[in-house]
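Hi,

Here is the structure I promised to pass on.

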Amino acid sequence: MKRNLLLTLLVFVVTVLVSAQTDLQPVALVKLTKTEPITVKQLKTEVQKIESQTGKTLTVDERKQVLDIMINERLALQAAERDKVSVTDAEINQQLQQARSAMAQNMGRQPTDAEFENAIKQQTGMDLASYKEQMKRLATVQKYLMTKKQDLIQSIQKPTEAEIKNFYELNKAKLVRPDTVRFSMIFIPYGNDATAKAKAKELAEKLVKDIGTNPSKFDEAVLRGQSNTAGYQAGDGGYLPKTAEAQNIVGKEFITIAFSLKQGEVSRLIENVKGYQIIKITETYSQKTLELDDIYQLGSKVTVHDYIGNYLYQQTQQAAFDRASKELVDELRAGGKSFQIFDKLIAY
């Protein structure tokens with residue numbers, strides 16, 4: 001029995017060692033200006049990221065495509081270094097600040113460092129340092145592409161009026177704004193325990209009693225809610241479309257109540273998993289097929305005409321970027337001497 005156990009342990013150790021050695025082997029060598037290996041472990045890491053995002057196991061051919069992308073990135077980075085094209089830390093920090101500002105807009109306040117880093121971790125699976133490193137690589141590749149293929153990218157033309165109108169006519173049936181309301185909201189969050197929840201309910205019931213169905217008293221309560229000592233949050237709730245997607249976010253009861261109210265009316269107390277709410281409808285919009293001059297998204301100044309123009313321009317821009325990227329990759333790969341692939345290791 002001891003002999004069998006030792007044999008099992010020996011086989012296990014050997015398997016681990018062989019696997020570790022395989023992980024360190026290069027599955028490809030990039031050698032435009034210097035020899036840079038891409039190891040089996042690095043390829044595995046990229047493949048596992050994609051498999052985690054897509055929920056499917058990649059085939060060997062799909063792994064080869066991932067490896068090709070990794071090779072192309074390293075070729076571009078080596079070429080950028082050779083041609084002295086770089087991205088500063090200040091540029092990366094500016095991009096991070098833009099992401100942080102967008103998060104603050106969604107939250108209604110500035111996120112803490114921990115909240116921001118946690119959001120990055122949830123969305124990308126990377127810590128902040130790794131995410132910044134990836135951002136710098138991608139930004140460097142993009143900057144190099146813009147530098148080398150500037151003429152092609154700058155040759156992009158904006159869509160004509162005829163193209164915008166033709167797109168509108170072909171897609172008019174899809175350009176429908178559903179029944180929508182805008183609302184102001186008072187929100188009394190739950191605490192983390194029964195005592196805090198009881199206090200939240202007591203405050204919610206007091207507010208309901210004070211406000212009743214009086215819109216003016218609701219507005220007064222909203223103003224008091226701007227104070228940090230109010231015990232509740234209040235303000236504009238934004239626009240709510242009557243769609244299944246919106247209902248999945250706010251709940252069936254909230255949707256039902258919101259669309260049963262007329263403009264200026266105040267709701268009864270609404271409870272969800274996070275707290276108590278009282279709302280007042282401030283604007284109402286009936287379902288409508290949008291015209292070119294209509295606002296595409298309520299709350300913005302972007303018209304349907306603007307939206308279609310931007311959409312068509314982005315399509316043309318993406319096609320130009322794809323062409324520029326292909327041209328650059330073909331140039332960097334020309335002659336087949338700038339990289340080497342060890343096909344047998346792709347299957348690992």
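Lys280 is buried, with a relative accessible area of 10% (buried means under 20% relative accessible area, exposed over 50% and partly exposed in between, using a 1.4 Å probe and protein chains only). Before you read on, please keep in mind that this is a predicted model: local features need pLDDT of at least 70, side-chain atom pairs count only at pLDDT 80 or more, and totals for chains, interfaces and linings use all residues. Residues are numbered from 1 along each chain as its sequence is written, and side-chain values use heavy atoms, with hydrogens and water left out.

**Lys280 and its sheet**

You will find Lys280 in strand E7 (residues 275-285). Helices (H or I, at least four residues) and strands (E, at least two) are DSSP runs, numbered from the N terminus. The side chain of Lys280 makes a polar contact of 2.8 Å with the side chain of Asp219. A polar contact here is a pair of N or O atoms within 3.5 Å; within protein, one must be able to donate a hydrogen and the other to accept it, and residues adjacent in sequence count only if both atoms are side-chain atoms. Leaving aside neighbours within four places in sequence, Lys280 is in contact with Arg182, Phe183, Ser184, Pro215, Phe218, Asp219, Gly264, Glu265 and Val266 (contact means heavy atoms within 4.5 Å).

E7 belongs to an open sheet of four strands, ordered E5-E4-E7-E6 with antiparallel pairing. Two strands pair if DSSP finds at least two bridges between them. Strand E5 (233-241) and E6 are at the edges with a single partner strand each, so one side of each is left without a neighbour in the sheet.

Here is how E7 is held on its two sides:

- Strand E4 (residues 180-189) is joined to E7 by 10 bridges, and the two run antiparallel. Met185 stands opposite Ile279 in this pairing.
- Strand E6 (residues 270-271) is joined to E7 by two bridges, again antiparallel. Ile270 has Gln277 as its bridge partner, while Glu271 stands opposite Tyr276. A hairpin of three residues links E6 to E7.

Helix H10 (residues 215-224) lies across E4, E5 and E7, and runs at about 55° to E4. Axes are lines fitted to C-alpha atoms, for helices over the stretch in contact, and angles run from 0 to 180 degrees between N-to-C directions.

**The other sheet and the helices on it**

There is also an open sheet of three strands, in the order E2-E1-E9 with antiparallel pairing. Its edge strands are strand E2 (36-39) and strand E9 (339-341), each pairing on one side only. From one strand to the next, the twist averages 20°. E1 and E9 pair over three bridges, and Leu29 stands opposite Gln340 in E9.

H3 lies across E1, E2 and E9, at about 30° to E1. H2 packs on H3 at an angle of about 115°, with their axes 10 Å apart. The residues making that contact are Gln42, Leu43, Glu46, Val47 and Ile50 of H2, and Arg63, Val66, Leu67, Met70 and Arg74 of H3.

Which residues of the largest nonpolar core touch the most other members? Out of its 30 residues, they are Val27, Ile38, Leu43, Leu67 and Ile71. A nonpolar core is a set of buried Ala, Val, Leu, Ile, Met, Phe, Trp, Tyr and Cys residues joined through side-chain atoms within 4.5 Å. Strand E1 (26-30), helix H2 (40-54), H3, helix H6 (128-148), helix H7 (150-154) and helix H13 (304-333) supply at least two residues each. H3 gives the most, with eight residues. A second, separate core has 15 residues, including Ala200, Ile211, Ala221 and Val266.

Glu73 lies in helix H3 and is buried, with a relative accessible area of 17%. Not counting residues up to four places away in sequence, Glu73 touches Arg137, Leu138 and Val141.

Lys84 sits in the loop between helix H3 (60-82) and helix H4 (89-107). Is this lysine buried or exposed? Lys84 is exposed, with a relative accessible area of 76%. Lys84 also has a positive phi of about 60° although it is not a glycine. Most residues other than glycine have a negative phi.

Cheers
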